[in-house]
Amino acid sequence: MKTITIQLDSHSYDIGIGEGLLSGIGAACKAVGLAGAAAVVTNPTVAPLYAGVVTGSLQQAGFTPVVIEIPDGEEFKTGETLNSVYDRLLEAGLDRRSFIVALGGGVVGDLAGFAAATFLRGIPFVQVPTTLLAQVDSSVGGKTGIDHPLGKNLIGAFYQPHLVLSDVSTLKTLSERHYRAGLAEVIKYGAVLDAELFALLEAKVDGLLKRDPQLLGRVIARCCEIKAWVVEQDEREGGLRAVLNYGHTLGHAFETLSGYRDLVHGEAVAIGMVQAAQLSQREGYCSVGDVERITTLVQQVGLPSDAPVVATEDLITSLAKDKKNRSGTLQYVCNRGIGSYVFHQFTPAQLAEACCSGR
Ligand SMILES: NC(=O)c1ccc[n+]([C@@H]2O[C@H](COP(=O)([O-])OP(=O)(O)OC[C@H]3O[C@@H](n4cnc5c(N)ncnc54)[C@H](O)[C@@H]3O)[C@@H](O)[C@H]2O)c1
Ligand SMILES: [Zn+2]
């Protein structure tokens with residue numbers, strides 16, 4: 001197992017990454033001083049695969065686990081589902097000495113983390129991410145929350161877990177589409193923060209597609225190190241953390257305009273990264289060769305690279321609603337070559353026109 005420590009002013013914790021870690025979760029929780037009842041929040045897709053191992057291990061270590069299932073899907077990352085989790089936590093008699101284990105992808109992690117942040121004004125929680133996206137992104141950094149009818153992730157809290165345990169063996173059962181979507185976030189780290197990681201991904205496309213556990217362990221650990229480094233410097237997204245939005249500004253707009261149906265998040269981010277590379281080249285921040293490398297890697301792992309056909313006006317409207325929109329301009333993340341970044345201000349109209357005219 002590889003361990004990465006996140007050191008924040010308020011709280012430090014470890015991320016463990018490796019094969020077959022689920023069976024050691026009980027001992028790991030004990031080792032960080034947790035005690036009492038453990039509520040394992042998961043969903044009907046993940047529970048049959050992994051809840052048994054997790055509860056078994058917790059029991060063996062002396063905990064009394066209860067399993068709380070929430071329906072599977074982003075559309076259930078809501079206040080209603082959260083309330084049902086509170087109900088179950090109260091019914092099960094959880095008190096302030098108890099803790100929550102989030103077992104699943106980003107949806108479960110975000111919602112269960114927010115439940116932990118708010119139940120009895122906060123109880124400890126452990127992240128056990130089971131999707132690639134959750135292992136490299138959502139389980140690291142302490143953002144928890146739910147969606148609101150008016151927008152995604154509008155309600156939430158910064159709340160750090162006691163421990164993150166990423167078992168790469170769980171990725172074997174992930175659908176091809178969600179696995180590839182997670183690779184988009186992996187490519188993101190390489191493209192703007194780590195040229196060496198980017199080169200490794202280029203050299204190991206076959207291993208990535210075969211989900212080689214050793215390679216995945218190495219890649220996921222590197223992504224967590226990078227995210228930890230970013231979050232340690234900017235826990236609450238005042239500055240540097242915005243670099244993680246690379247590919248996400250246009251990506252989010254495409255995701256929204258597709259009605260969250262045609263494109264899953266990672267696919268939209270993949271398209272957004274290719275657009276970002278092209279814009280960066282136009283602004284003189286990277287070369288045509290760099291754009292080609294990013295586009296090729298995105299395509300080789302089976303992610304889309306072409307922007308969907310959308311009306312410029314719709315794209316402008318969607319971009320103007322971006323949370324990061326500050327007084328009419330968007331702080332946009334450009335590539336400075338491969339493995340480095342530069343922030344550039346664009347108006348929504350400039351971005352939309354550059355994007356739609358490129359076709
Ligand atoms: N907190 C953050 O910093 C942060 C960062 C990025 C994304 N997010 C959030 O993460 C969510 C997306 O997460 P996601 O991509 O993991 O989606 P997800 O949680 O919906 O999981 C994708 C699908 O895979 C299934 N699944 C999970 N693990 C599996 C496994 N091992 N085997 C088989 N199936 C499995 C899930 O049940 C689901 O159907 C979004 O809500 C997004 O807002 C949060
Ligand atoms: Zn993302």
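Is H248 buried or exposed? H248 is buried, with a relative accessible area of 6%; buried means under 20% relative accessible area, exposed over 50% and partly exposed in between, with a 1.4 Å probe and protein chains only.

Before I go on, the ground rules. This is a predicted model, in which local features need pLDDT of at least 70 and side-chain atom pairs count only at pLDDT 80 or more, while totals for chains, interfaces and linings use all residues. Residues are numbered from 1 along each chain as its sequence is written, chains are lettered from A and ligands numbered from 1 in the order in which they are written, and side-chain values use heavy atoms, with hydrogens and water left out.

I start with the metal. The zinc ion, ligand 2, is coordinated by E185 through OE, and by H248 and H265 through NE2, at 2.0 to 2.1 Å. Donors here are N, O and S atoms within 2.8 Å of the metal, or 3.2 Å for Na, K and Ca; water is not among the atoms, so sites may look incomplete. The spacing of the donor residues along the sequence is E-x62-H-x16-H. H248 lies in helix 10 (residues 248–257) and H265 in helix 11 (residues 265–282), so the two histidines tie together parts that are 17 residues apart in sequence. Helices are DSSP runs of H or I with at least four residues, strands are runs of E with at least two, and both are numbered from the N terminus.

E185 is buried, at a relative accessible area of 0%. Setting aside neighbours within four places in sequence, E185 is in contact with L133, V136, D137, H248, H265 and V269; contact means heavy atoms within 4.5 Å.

Next, ligand 1. Which residues come nearest to ligand 1? Of the 24 around it, they are E74, G106, T130, T131 and T173, where a residue counts as near if one of its heavy atoms lies within 4 Å. The shell divides into six nonpolar, 11 polar and seven charged residues.

T130 places a polar side-chain atom 2.7 Å from a nitrogen atom of ligand 1. K143 has a backbone N or O atom 2.9 Å from a nitrogen atom of ligand 1, and for T170 a backbone N or O atom also lies 2.9 Å from a nitrogen atom of ligand 1. A polar contact is a pair of N or O atoms within 3.5 Å; within protein, one must be able to donate a hydrogen and the other to accept it, and residues adjacent in sequence count only if both atoms are side-chain atoms. The protein covers 86% of the 870 Å² of accessible area that ligand 1 has on its own. Accessible areas come from the Shrake-Rupley method with a 1.4 Å probe, and for residues only the protein chains shown count as cover.

D110 is found in helix 4. D110 is buried, with a relative accessible area of 13%. Not counting residues up to four places away in sequence, D110 touches K77, S138, K143, T144, G145 and N153.

Now two arginines. R121 lies in the loop between helix 4 and strand 6 (125–129), and is exposed at 78%. R211 lies in the loop between helix 8 (205–209) and helix 9 (213–233), and is buried at 12%.

S258 lies in the loop between helix 10 and helix 11 and is buried, at 8%. Its side chain reaches the backbone oxygen of E255 at 3.0 Å.

Last, V298, in helix 12, residues 288–300. V298 is buried, with a relative accessible area of 0%. Its C-alpha atom is 6.4 Å from that of A270, 28 residues away along the chain. Beyond four places in sequence, the contacts of V298 include I187, A270, M273 and V274.

Definitions and conventions:
Nonpolar A, V, L, I, M, F, W, Y, C, P; charged D, E, K, R; others polar.
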